[in-house]
Amino acid sequence: MAKPLKVDGEWLDRIAGLLSDMEFGSLNIVVHEGQIVQMERTERKRYESGASGGARVSTGSKHSPRALRESGRGR
């Protein structure tokens, strides 16, 4: 039988801290025997070069991975 998940205020603070400054990404929480044992954070940033020669961070994506796969360009 599965053990109930134990999440206290300390874990909630850790989770909130990892999510607070994330703009685009994911947080994977690993649970073992009813306790959080690991958190994995993945963050994505895209950079586009502008006409002025500088790089800027794109907050959106014209070509999502799904759109690239459907169009055949992502292979």
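Let's start at a glycine: Gly34 touches Lys3, Pro4, Leu5 and Lys6, leaving aside residues up to four places away in sequence, where contact means heavy atoms within 4.5 Å. This is a predicted model, in which local features need pLDDT of at least 70 and side-chain atom pairs count only at pLDDT 80 or more, while totals for chains, interfaces and linings use all residues. Residues are numbered from 1 along each chain as its sequence is written, and side-chain values use heavy atoms, with hydrogens and water left out.

**The chain as a whole**

The protein chain has 2 helices and 4 strands, arranged along the sequence as α-β-β-β-β-α. Helices (H or I, at least four residues) and strands (E, at least two) are DSSP runs, numbered from the N terminus. Buried residues account for 8% of the 75 residues. The accessible surface is about 6,500 Å², with 49% of it belonging to carbon and sulfur atoms; such areas come from the Shrake-Rupley method with a 1.4 Å probe, and for residues only the protein chains shown count as cover. Among contacts with a separation of 6 or more, 25% join residues 24 or more positions apart.

**The hairpin and its turn**

Strands S1 (25-32) and S2 (35-43) pair in the antiparallel sense over 8 bridges; pairing requires that DSSP finds at least two bridges between two strands. Gly25 stands opposite Glu43 in S2. The two strands form a hairpin with 2 residues between them. Glu33 is in the loop between S1 and S2, and Gly34 lies in that loop too. Most residues other than glycine have a negative phi. Glu33, not a glycine, has a positive phi of about 50 degrees.

**Burial around the loop**

Which of these residues are buried or exposed? Buried means under 20% relative accessible area, exposed over 50%, and partly exposed in between (1.4 Å probe, protein chains only).

| Residue | Relative accessibility | Class |
|---|---|---|
| Glu33 | 56% | exposed |
| Gly34 | 7% | buried |
| Pro4 | 63% | exposed |

Pro4 belongs to the segment before helix H1 (9-20). Pro4 and Gln35 are 31 residues apart in sequence and 8.3 Å apart in space, C-alpha to C-alpha.

**A charge over a ring**

The charged end of Arg14 sits over the ring of Trp11, 4.4 Å from its centre. The criterion is NZ of Lys or CZ of Arg within 6 Å of the ring centre and within 35 degrees of the ring normal.
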